[in-house]
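Let's walk through some charge pairs and a pocket together. Have a look at the model first, and then we can go question by question.

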Amino acid sequence: MKKALAIDIGGTKIYHTLVSEQGEILGEVNKISTPKDIQELKSLLEEVIKTYEGQVDVVAIATAGAVNNQNNKVISSTANLPKGYNQIDFQSLSTKKVFIENDANAAAWAEHELGASKNCPYSVMLTLGTGVGGGIILQDRLYKGKSGGAGEMHFKLFADMRRRCTCGAWDCFEAYASGTGLKLTAEEILRDNNVTTYDVIEGVKKGDTKMKEVFDIWQNHILAGLVGLANLFDPDCFVLSGSLAEFVDTDYLENETNAQIVTAPIKVYKAKAGNHSGMIGAALLALSWIENTN
């Protein structure tokens, strides 16, 4: 049985575990705080890899930031990773082959292979967290675009400069459909800068009409993005993952999307591959990669 050392590198936490070629997590999932210094981060990765590389066939890394089409370099990293992260030569960290992929792309692949979109040759996955991640599957293949940066959810939702996005532009989908977007919507409606996404969700659960109004506006921002993405990609389905996905009404989103799109009807699912889908997807991609390149 072939195995991968799977590592998920985020801005605050790094997870690692062993994953089989069937996508099964083998043993404990370990968690470490992400170092703020680039040399400390490299040393940590070298230590983790050295511990396990004798047991595996490949090192598979799911990472925040866009990854090139050769799967060996981060081409644009996020602000919460150390300066110089996109300069790391990941292959130099191991004697085994090292494969890296964007974390949302990897999670989308796990859903495609094992999860909610398993029977969907065409799918789009959205990760609803602090920001919005995206992964696109077309004809049973991960779509990365000409440079590797496809799937970034920074398309315009409005055109009147309402909100500045983390990317620096105005009114991106991410600025509305994310957890940050939910908080900003709550602040605008409630005129309270101290309100949190937790407050909104708890209020909805308790039947608070104002919180329900906030939530409905936020969910309709997601809907607007789904309509646009459906018209662009004509997918079989959307998969919603991330910390906020469990609270959305997929039936509502599916029915309303289908009522508005000009393409064929779609399905909307919640993710099923689990909390560590990024590592699973990266491992499956990496194991397939070494099989095809050897």
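Q: How many salt bridges does the structure hold?
A: This is a predicted model, in which local features need pLDDT of at least 70 and side-chain atom pairs count only at pLDDT 80 or more, while totals for chains, interfaces and linings use all residues. Residues are numbered from 1 along each chain as its sequence is written, and side-chain values use heavy atoms, with hydrogens and water left out. A salt bridge here is a side-chain nitrogen of Lys or Arg within 4 Å of a carboxyl oxygen of Asp or Glu. The number of salt bridges in the structure is 8.

Q: Which residue forms a salt bridge with Lys183?
A: Side chains of opposite charge can pair when their charged atoms come close. Helices (H or I, at least four residues) and strands (E, at least two) are DSSP runs, numbered from the N terminus. The closest N and O atoms are 2.9 Å apart, and the partner is Glu187.

Q: Is Glu187 buried or exposed?
A: Buried means under 20% relative accessible area, exposed over 50%, and partly exposed in between (1.4 Å probe, protein chains only). Lys183 is partly exposed at 27%. Glu187 has a relative accessibility of 17%, so this residue counts as buried.

Q: What is the N to O distance in the salt bridge of Lys210 and Glu213?
A: Both residues sit in helix α6 (residues 209-233), 3 residues apart, so about one helical turn lies between them. Lys210 is partly exposed at 42%, and Glu213 is partly exposed at 33%. Their side chains meet at an N to O distance of 3.4 Å.

Q: Which residue meets Lys212 in a salt bridge?
A: Lys212 is partly exposed, with a relative accessible area of 38%. The N to O distance is 2.9 Å, and the partner is Asp216.

Q: Which element gives the most to the lining of the second largest pocket?
A: On a 1 Å grid over the protein atoms alone, a pocket is an open set of points where a 1.4 Å probe fits, with protein on both sides within 12 Å along at least five of seven lines; lining residues have an atom within 4 Å of a point. The second largest pocket is lined by 16 residues, with Leu285 among those nearest its centre. Two or more lining residues come from each of β7 (98-102), β10 (141-143) and α8 (277-293). The element giving the most, with 5 residues, is α8.
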